[in-house]
Structure formats: C-alpha cells, structure tokens
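User: I have a structure to discuss. Could you take me through the fold?
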Amino acid sequence: MNMNHIRRSLSAVCCIAALLLCTACAEEESSVALPNTQSTSSSEEATTTTTAATTTTSAEEQTTTTSASSTSKEGTTTTTTETTVSSTTATTTTTTGQIVDTNGYLLDVLTIGGDCTAYVTQHKNHALQEAPSCMGEGTDRVYIYEDFTLYTFFDGTTDMVVEINIQTDAIATREGATVFMTRSEVEALHGTSTDNTYLTQDGTLEFTYADNTVIMIALYNPF
C-alpha cells in the first residue's frame, strides 16, 4: 500500500468521524434546546420591555431637569435685569452719560448766582471751609466734594454760588468735555480758544491743562 492510499484512507476516516459527531450534536440540541426556546424568548422580551421603560423614565427625568434648569436661568436673568434697572433708576445721568446724582445734572441744580442751601443741606458729604468775605459783609464758603469744589458767598440769608471747580471725569460739560480729556478732544467739542475759556449758557467755562490734558474745569460768572 503506497503513501497516497494511506492518506486517502485516513482522510475518509476523519470525515466519517466528523459526520457522526455532528449528527450526535444535532440530535442532542434538537432534544434539549426546544423546551428552552420559549423561555429564552420570554427573557428577551422582558429585557426589551424593561429597557423601554427605563428609556422612557430617563427621558422624562431629563425633560424635567432641563425645564428646571431653564427656569432657573430665566430667574437669574430676570433678577439681574431688575437690579440693573433699579441701579439706573437710582441715579440720573447727563446727556453724555456721566453720573451726577439723583437730583439731576449738576449745572442744572447748582447755578452761578443761585442759592445752594438746599443742595448742601441734602448733600452733607463735604468738607467746609469759611472765612470773612472780601466781597462785603458776609462769609466766603468753600464746600469740598469728591468730584467738585463749590465756592459761595453767604450774606446771612442766601448761600450764593460764585464758582464751581470740576476735578474728576464724573461730571461733564453740556457738550461732553471732562477732566482727563486732551486739548484736541475738548476743542472738538467746544471749538478752539486762545485763553481756554468759553462763554456758555451756564457761565464762563475755563479749562486748565497740564501737558495738554485737562486737570480742572472752572465755571464762574463772566461779569
């Protein structure tokens, strides 16, 4: 018997053994697996149902959470807006945006030649200096506020405004000029001037510069 014949015989034996083994496994699966088929299917259905329920619950919770989050954000926005409005209402601004106080624009409240008694009585956050007046019988007074200095003449009855010196950028001229502006910025608003003064409806405005930057604005009566 040659080698080729031996190989074919061995191959045939292996095939027959494999066939018998597959047949035996198929019969075993047929007899055992059939009763469990329904159980497996039921288990899968239960699992599917449970998963669906879980998904639904999860979706509802997510919707609720999102809604609550949205409501919270809206609440925060509303609060912020109300605070801003309240803050804006509490102060009055000039047409150029500078905050003065709740009484309005400073140069409307304090006018050259006008009585400042009501203003200084209400606004007590100042330092006061006074001395006998060189203008006649009466007292010269200086009210020093954070943003400006007020010079007056008190005759015993009326505390008359003589001059106002603006020293911060919290107060602007009606045209919008402020301390810390450059000369060119002031001239763009008020025009050019050889002596840095301008005659306005409020009185004479005089700008004091240091290195071409405004360091003070004075308002006084031109007469």
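Analyst: Contact here means heavy atoms within 4.5 Å. The model is predicted: local features need pLDDT of at least 70, side-chain atom pairs count only at pLDDT 80 or more, and totals for chains, interfaces and linings use all residues. Residues are numbered from 1 along each chain as its sequence is written, and side-chain values use heavy atoms, leaving out hydrogens and water.

User: Which residues does Leu150 touch, neighbours within four places in sequence aside?
Analyst: Leu150 is in contact with Leu110, Cys116, Val120, Arg141, Val142, Tyr143, Val161, Glu163 and Ile164.

User: And the largest nonpolar core, how many residues has it?
Analyst: That core has 28 residues, and Leu150 is among those with the most contacts inside it, as are Phe148 and Phe207. Such a core is a set of buried Ala, Val, Leu, Ile, Met, Phe, Trp, Tyr and Cys residues joined through side-chain atoms within 4.5 Å; buried means under 20% relative accessible area with a 1.4 Å probe, protein chains only.

User: Changing topic, what is the strand order in the open sheet?
Analyst: The order of the 7 strands is S1-S2-S3-S4-S7-S6-S5, with antiparallel pairing. Strands (E, at least two residues) are DSSP runs numbered from the N terminus, and two of them pair if DSSP finds at least two bridges between them.

User: How many bridges join S2 to S3?
Analyst: Strands S2 (residues 139-144) and S3 (residues 148-154) are joined by 6 bridges. Val142 has Tyr151 in S3 as its bridge partner.

Terms used:
Helix = DSSP H or I, 4+ residues; strand = E, 2+ residues; numbered from the N terminus. Buried < 20%, exposed > 50% of the residue type's maximum accessible area, 1.4 Å probe, protein only.
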